[in-house]
Amino acid sequence: MTDCQMVSSDFTANEKLEIETIKMYKKDLLDDIQKLKMEIDNVMADILNFESSEESKTIEKGKKFSTGKKKFNMDPKKGINYLVENNALEGRAQPIAEFLYKEEGLNKTAIGDFLGEREELHLQTLKAYVELHEFSDLNLVQALRQFLWSFRLPGEAQKIDRMMEAFAMRYCDCNARVFQSTDTCYILSFAIIMLNTSLHNPNVKDKTTLERFISMNRGINNGGDLPNELLSKLYESIHNEPFKIPEDDGNDLTHTFFNPDREGWLLKLGGRVKTWKRRWFILTDNCLYYFEYTTDKEPRGIIPLENLCVRGVHYPRKPYCLELYNPNSRGQKIKACKTETDGRVVEGKHQSYTICSVSAEERDSWIEAIRASITKDPFYDLVSVRKKKVINQAPQD
């Protein structure tokens with residue numbers, strides 16, 4: 001007989017039944033423990049799968065975000081749309097503004113172009129973007145340095161107007177007692193930008209003096225004058241240190257030309273060989289530059305616009321053309337230069353320049369921009385309109 005049988009014979013019937021019941025409970029408990037272990041294993045597997053899935057989603061989202069930034073630098077609207085469509089960015093003004101303000105690696109020209117558009121979302125984004133700047137206790141030059149470092153002013157006057165209007169409103173909100181109106185801040189901001197150009201652009205020979213700067217800003221404070229001490233301080237700040245132009249992270253050449261009046265692809269008719277070639281044109285500083293590629297560091301040609309006129313012309317199979325010509329020197333070459341393929345800079349061979357755009361609207365926009373560049377600084381138009389408004393609203397004695 002085994003020990004178990006010997007022990008078992010010593011138990012009563014009730015005790016034996018109780019032992020069997022315990023054995024059954026033990027078996028059920030072991031089964032439950034085994035099931036629990038399996039459930040735990042399943043849960044852990046699910047957690048690992050979830051973490052792996054989330055990690056994959058994070059990686060994928062990061063890739064889409066990076067792609068969206070690259071698209072933004074090439075085309076701001078398409079870049080933002082891509083980010084929104086791929087749930088990498090909310091399509092509201094505030095998140096977009098924070099993206100433009102905080103995200104590294106964005107093309108400063110692209111930021112300026114996006115903020116300057118007049119659609120409602122862009123206007124709301126501009127307002128939110130400007131409100132991210134803190135101008136409290138900064139003088140106007142300090143605030144402008146901060147503002148103009150965060151993006152590039154676009155070339156179109158209407159875009160500049162909207163952006164500087166938003167800046168003036170924000171500055172006055174942060175510094176309520178400095179100016180009597182946002183118009184005063186707006187006018188003086190432009191005066192400072194033009195002063196910066198006058199003092200630090202080597203092409204400007206007639207440098208603005210402190211006395212002229214004070215004189216040109218008389219009557220802009222709701223008909224009254226700003227303190228000479230304030231204007232002197234602003235003048236000295238610009239005189240001692242020009243505005244810094246932010247280096248772009250993009251791959252285009254616009255950073256070479258601060259605040260171009262206009263830029264884009266056009267077709268140019270050759271001077272000696274009459275063939276059409278696609279060129280990237282940039283209009284700035286009363287000159288028209290053209291490049292073979294936007295990534296070129298040097299222009300293929302430079303056309304000084306002094307003494308030239310521009311008009312629309314019709315060319316066979318090219319209906320949307322404009323012509324640059326000298327009305328006082330018919331038959332003579334226009335003073336211009338171009339770079340040959342071997343790197344030599346030579347005099348241009350054109351008696352006139354014929355340039356073709358893709359539409360009548362684009363041609364007319366280029367003609368308008370070139371005429372404005374030939375005649376005067378478009379900043380003066382913006383400021384003169386605002387000055388008239390301030391003078392007309394000033395209280396009469």
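1. A residue is called buried when its relative accessible area is under 20%, exposed when it is over 50%, and partly exposed in between. By that cut-off Asn196, with a relative accessible area of 10%, is buried. Please keep in mind throughout that this is a predicted model.

2. On the overall make-up, the protein chain contains 13 helices and 9 strands. Of its 397 residues, 39% count as buried, and the chain exposes about 23600 Å², of which carbon and sulfur atoms supply 51%. Among contacts with a separation of 6 or more, 59% are accounted for by residues 24 or more positions apart.

3. Leaving aside residues up to four places away in sequence, Asn196 touches Asn201, Ile238, Pro242 and Phe243, and on the same terms Asn201 touches Asn196, Lys207 and Asp285.

4. Helix α8 covers residues 157-174, and its 18 residues reach 26 Å from the first C-alpha to the last, close to the 26 Å expected at 1.5 Å a residue. Buried residues in α8 include Ile160, Met163, Met164, Phe167 and Tyr171, and also the charged side chains of Lys159 and Arg170. Two cysteines of this helix, Cys172 and Cys174, are buried as well.

5. How many disulfides does the structure hold? The count is 0. Cys337 is in no disulfide, and the nearest cysteine sulfur, that of Cys287, is 8.8 Å away; Cys337 itself is partly exposed, with a relative accessible area of 26%. Cys356 is buried, with a relative accessible area of 6%.

6. The salt bridges come to 13 in number. One of them joins Lys77 to Glu119, with the closest N and O atoms 3.4 Å apart. Lys77 lies in helix α3 (residues 76-85) and Glu119 in the loop between α5 (108-116) and α6, so the pair ties together parts that are 42 residues apart in sequence. Lys77 is partly exposed, at a relative accessible area of 33%, and Glu119 is partly exposed too, at 38%.

7. Arg92 pairs with Glu90, the closest N and O atoms being 3.0 Å apart; Arg92 is partly exposed, with a relative accessible area of 47%, and Glu90 counts as partly exposed at 47% relative accessibility. The side chains of Glu292 and Arg300 meet at 3.0 Å, N to O, and Glu292 is partly exposed, with a relative accessible area of 29%.

8. Asp137, however, has a phi near 65°, a positive value; Asp137 is found in the loop between α6 (120-131) and α7 (140-149) and is exposed, with a relative accessible area of 75%. Arg317 likewise has a positive phi of about 65° although it is not a glycine; Arg317 lies in the loop between β5 (309-315) and β6 (318-325) and is exposed, with a relative accessible area of 82%.

9. Leu36 has its place in helix α2 (residues 13-74) and counts as partly exposed, at 48% relative accessibility.

10. Finally, Asp364 lies in helix α12 (residues 360-375) and counts as partly exposed, at 39% relative accessibility. Asp364 and Arg311 are 53 residues apart in sequence, and their C-alpha atoms are 9.1 Å apart in space.

Technical notes:
Residues numbered from 1 in each chain as written. Predicted model: local features only at pLDDT ≥ 70, side-chain atom pairs only at ≥ 80, totals over all residues. Heavy atoms only, no water. Helix = DSSP H or I, 4+ residues; strand = E, 2+ residues; numbered from the N terminus. Expected span 1.5 Å × (residues − 1). Buried < 20%, exposed > 50% of the residue type's maximum accessible area, 1.4 Å probe, protein only. Contact = heavy atoms within 4.5 Å. Disulfide = S-S within 2.5 Å. Areas by Shrake-Rupley, 256 points an atom, 1.4 Å probe, with all protein chains shown as cover. Salt bridge = Lys/Arg side-chain N within 4 Å of Asp/Glu carboxyl O.
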